Amino acid sequence: LTRQTGAKVNLRGDVMTITGGAESVSKAAHIAQRMIDTAKQQMPLTADDVLRMSIDPRDGNGASQGESETRIVLPGVRKIIQAKTSGQAEYMKLIAENDIVVGIGPAGTGKTYLAVAAAVDALARKRVRRIVLARPAVEAGESLGFLPGDMQAKVDPYLRPLYDALEDMMPQERVQKAIETRTIEIAPLAYMRGRTLSDAFVILDEAQNATNAQMKMFLTRLGVNSRAVITGDKTQIDLPKREDSGLVQIERILPGIEGIGFQYLSDADVVRHRLVREIIKAYADDSGN
């Protein structure tokens, strides 16, 4: 706290004393209050969390925007998913209030993880009957034909991040059983063609690599009582032409439609190792030169 604000902080028992310049003291007091609020929620607090609080200029933490919308308690695994930044809190609030949400931002901001948490929560509370997770298999390209195994075995490596998120929130045996009964489906985006997805929570990950046609196909799959979250990073487009990205197109044509929300996350919302934030910022600065 001292390193991030320049204020002198002394802790004796349960009394914290902050001294220094007015601006430093004000910033340190604000961060200290956020630390106390986090502790009261029985949430873990790390040095990276304190660093994130000092970088994020927005007021309050996730819980301040409405605990029911920014905190998910997953049944059966005693796991609490909590927004760690104001941007994440706004993202979770949008997911709770809209049928379609588009989350755009760099790696490590929790776009996919929080969307999967919302999907698992909706399934556990019987708000939907199934979860569908999709990704464009752009990286696979023609090389899929040279990989051993059936099509599922070939595309599984590209879908592994979605499995990882699920297995962090549900026991592995429950994930496997849900996949076997098709309560949870993880598949390449191309497999969505011709289907109607009703009573489902649908997530399209890595959407920057969906073409315009694929994005339109995905959005028009939604059926009755379905919700969708689309996540992507516009700096990681692997398509031959940037303008072919369906994520770029919907960012241009869908804002303003009731029931569709857009949330932009930044390096201030990165919740991985603190160096990830600095690396993302360094690349952004370099691309601007």
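A search of the whole structure, which is a predicted model, finds 11 salt bridges. Side chains of opposite charge can pair when their charged atoms come close. Three residues, Asp121, Arg125 and Arg127, are linked in a network of such bridges. Asp121 is buried, with a relative accessible area of 10%, whereas Arg125 is partly exposed, at 47% relative accessibility.

Another salt bridge joins the side chains of Glu251 and Lys234, with an N to O distance of 2.9 Å. Glu251 belongs to helix H10 and Lys234 to the loop between E9 and H10, so the pair ties together parts that are 17 residues apart in sequence. Glu251 counts as buried because its relative accessibility, 19%, is under the 20% limit. Lys234, at 24%, counts as partly exposed.

Helix H10 spans residues 246-253, and its buried residues are Gly246, Leu247, Val248, Ile250 and Glu251. These buried residues pack against strand E5 (100-104), H9, E9 and E10. The N-terminal end of H10 is capped by Ser245, a side-chain oxygen of which lies 3.3 Å from the backbone nitrogen of Leu247.

As to the overall fold, the protein chain has 11 helices and 10 strands. Of its 289 residues, 45% count as buried. Among contacts with a separation of 6 or more, 66% are accounted for by residues 24 or more positions apart. The accessible surface of the chain comes to about 15,100 Å², and carbon and sulfur atoms hold 51% of that area.

The largest nonpolar core contains 36 residues, of which Val120, Leu166, Ile184, Ile186, Phe201 and Ile203 touch the most other members. Two or more residues of this core are given by each of strand E3 (71-74), helix H5 (86-97), helix H6 (111-124), strand E6 (130-135), helix H7 (151-167), helix H8 (172-180), strand E7 (184-188) and strand E8 (200-204). H6 supplies the largest share, nine residues. Leu166 is in contact with Val116, Val120, Leu133, Val175, Ile184 and Ile186, leaving aside its neighbours within four places in sequence. A second, separate core of 25 residues includes Ala134, Met215, Leu254 and Phe262.

Ile81 is found in strand E4, residues 79-82. With a relative accessible area of 4%, Ile81 is buried. Not counting residues up to four places away in sequence, Ile81 touches Thr70, Arg71, Ile72, Leu74, Met92, Tyr113, Leu114 and Ala117. The C-alpha atoms of Ile81 and Thr70 are separated by 8.3 Å, and the two residues are 11 residues apart along the chain.

The loop between helix H9 (212-219) and strand E9 (227-232) contains Ser226 and Asn225. Ser226 is buried, with a relative accessible area of 8%, whereas Asn225 is partly exposed at 43%. The side chain of Ser226 reaches the backbone oxygen of Leu197 at 2.5 Å. Beyond residues up to four places away in sequence, Ser226 touches Asp99, Leu197, Ser198, Asp199 and Ala200.

Most residues other than glycine have a negative phi. Asn225, although not a glycine, has a positive phi of about 55 degrees. Arg182 is likewise not a glycine and has a positive phi of about 65 degrees. Arg182 lies in the loop between H8 and E7.

Towards the end of the numbering, Arg272 is placed in the loop between strand E10 (260-264) and H11. Arg272 is partly exposed, with a relative accessible area of 49%. Helix H11, residues 274-287, contains Leu275, which counts as partly exposed at 40% relative accessibility. Leu275 forms a nonpolar surface patch with Ile279 and Tyr283, and the three residues together have about 340 Å² of accessible area. An α-helix has 3.6 residues a turn, so residues three or four places apart point the same way.

Technical notes: Residues numbered from 1 in each chain as written. Predicted model: local features only at pLDDT ≥ 70, side-chain atom pairs only at ≥ 80, totals over all residues. Heavy atoms only, no water. Patch = residues over 30% accessible without salt bridge, like charges linked within 9 Å, V, L, I, M, F, W, Y side chains within 5 Å. Areas by Shrake-Rupley, 256 points an atom, 1.4 Å probe, with all protein chains shown as cover. Salt bridge = Lys/Arg side-chain N within 4 Å of Asp/Glu carboxyl O. Helix = DSSP H or I, 4+ residues; strand = E, 2+ residues; numbered from the N terminus. Buried < 20%, exposed > 50% of the residue type's maximum accessible area, 1.4 Å probe, protein only. Core = buried A, V, L, I, M, F, W, Y, C linked by side-chain atoms within 4.5 Å. Contact = heavy atoms within 4.5 Å. Polar contact = N/O pair within 3.5 Å; in protein donor to acceptor, adjacent residues only side chain to side chain.
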